[in-house]
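Colleague: Could you take me through this one? I have a few quick questions.
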Amino acid sequence: MLSTVTSEPDDPARAGDADLADLFRTHYVELVRLASILVDDVGTCEELVQDAFVALELGRRRLRDADAAPAYLRSVVLNRARSHLRRRDRSRRANPLRPVWVQPADGVDVDDLDGRDRRRAVLAALRRLPDRQREVLALRYYLDLPEAEIARTLGISAGAVKTHAHRGLAALAQELEDQP
Amino acid sequence: MTTIEQELRDAISERTDHVHAEAPPEAVLTARVGAARRRRTQRRAAALSAAAALVVAVAAVALVERGDDRDGVVATQPSTEVPTTAEAEGDPGTEVPETATTTTAPTTEPTTDTTVPPGPVAPAAGTYVWPASPSDFGTDPVETARRFATTVLGMVDVVATERAAGPDVDHALVDVSPNGGTAHPTVVRLDHISAGPDGSGRAWYVTSAETDQIEVTTPDTGTTVRSPITLAGTSLAFEAQVNVVVLPVGASGTTTPYGQTFVMGGGTERAPFSGTVAYSAPAGTPAMLILSEGDASGRSRILRATVIPIVLAG
């Protein structure tokens, strides 16, 4: 049985802490989707998220505030996604991908192809941003987290969150300006 | 909401809406936790075994040296060793044992004199940058990162903050920002070794540091490099200048570097940089490569930096 995410079991202030299984059920899909903004392969995203829950369980003694568990999980997922992308980039530099032609899938709304292409271009541009800018924008525009919560998740100041968001949006706008 | 914000929200929404995931059974997570616990136990057992082997080796060396002292160490030194000037000239200040030529076997001494407390084993070359010796490793990751920032990077008035989570429970990430925390932080990555069988007695050391304003793609962390080292990456720094130094592992920032140069990246927006830095050091020397932005205000020597461990091939 998975244990409760507390450091002091007899602390009455923590009596209502959700246990790991509850956190798993509540946050799993949301975290996989968060990872999927940054990492293409959904299977990899699921691996990253499950690893994050394992890290939470093993490190629960270091987690002083059980309410911080969701932020901790988001932070671990983003850290691991970043590491995965770096490993992938190194691998791709050593073994460059060959371009392939992908047939449009059945059921694609052909009338909205321009819109889809545009959204894919936006997502691709987001993924090319520096780590911090990419993560700040993902947390803000997917989870709608306030600046203080983003700062808590990433371990940076609220001012830095504003700066990264501003620079990230400016860079996106600049890059997309050149595209049809 | 601006157009780009709306477009970004739409793009993210389309991506996440098409991710059909559902939480696997709890048993899957339980099994992964169990496997991770077993791996951690095995790692700790291996570290403990290595520490025990080191203790035995140190104790054995100490015993041998004691025996040599008693038997006449001068007579039993390897023939290739160069005698000191004092020994060669018979300096009266250098005491030579009268029993130098005797062959009496060393008596067994009480082991309490030679026993050393279990100590951590140094990490492998190319996996860490500071401090040099396990005896100097810190007991607290935040304090270790702060000392690294002040000693190596020359930052003053450092604000050091541990993040809510490192890459996993056995590592730590600490943001260090100089000048009272006014600068964009450099993330210091730390790892630890344990002296105790239960993971207690953690001794922290710095494996690397990074600022997202100086991203290094070449060389890779931990690689063995030859002079001149090829440098590549992207940066955004004051007047586009990124300073580069190669220092011995564990050195302070004021140590004479093995090599130094600067490269030019972006000044107003991120841009690629490339260049080389030549060095002079013995083959196999573990070193740290520091790419940094200087502090234009002059308060700190370095405002932010990316630091990676490398091994110099000579």
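Modeller: Here are some notes on the contact between the chains, a helix pair and some backbone details.
Modeller: This is a predicted model, in which local features need pLDDT of at least 70 and side-chain atom pairs count only at pLDDT 80 or more, while totals for chains, interfaces and linings use all residues. Residues are numbered from 1 along each chain as its sequence is written, and chains are lettered from A and ligands numbered from 1 in the order in which they are written.

Colleague: How many residues of chain A are in contact with chain B?
Modeller: There are 46 residues of chain A in contact with 37 residues of chain B, where contact means that the C-beta atoms, placed from the backbone, lie within 7 Å.

Colleague: Which element gives the largest share of the side of chain A that touches chain B?
Modeller: That is α1(A), with nine residues; helices here are DSSP runs of H or I with at least four residues, strands are runs of E with at least two, and both are numbered from the N terminus. By class, that side of chain A has 28 nonpolar, seven polar and 11 charged residues, with Ala, Val, Leu, Ile, Met, Phe, Trp, Tyr, Cys and Pro counted as nonpolar, Asp, Glu, Lys and Arg as charged, and the others, Gly among them, as polar.

Colleague: Switching to α5(A) and α7(A), at what angle do the axes cross?
Modeller: The axes of α5 (residues 131–141) and α7 (residues 158–177) of chain A come within 8 Å and cross at roughly 95°, the axes being lines fitted to C-alpha atoms over the stretch in contact, with angles from 0 to 180 degrees between N-to-C directions. The two helices are therefore roughly perpendicular, a label for angles of 65 to 115 degrees. Residues making this contact include Val136(A) and Leu137(A) of α5(A), and Ala165(A) and Gly168(A) of α7(A).

Colleague: And chain B, what is in there?
Modeller: Chain B has five helices and 12 strands, and 34% of its 314 residues count as buried, meaning that 20 or more other C-beta atoms, placed from the backbone, lie within 10 Å of a residue's own, against 12 or fewer for exposed and partly exposed in between.

Colleague: Where are the cis peptide bonds you noted?
Modeller: One joins Thr218(B) and Pro219(B), with omega about 5°, and another runs from Ser227(B) to Pro228(B), with omega near 0°. Pro219(B) is in the loop between β5 and β6 of chain B, whereas Pro228(B) is in the loop between β6 and β7.

Colleague: Is Glu239(B) buried or exposed?
Modeller: Glu239(B) is exposed, with 10 other C-beta atoms within 10 Å, and has a positive phi of about 55° although it is not a glycine.

Notes: Parallel < 35°, antiparallel > 145°, perpendicular 65-115°, else oblique. Contact = placed C-beta atoms within 7 Å.
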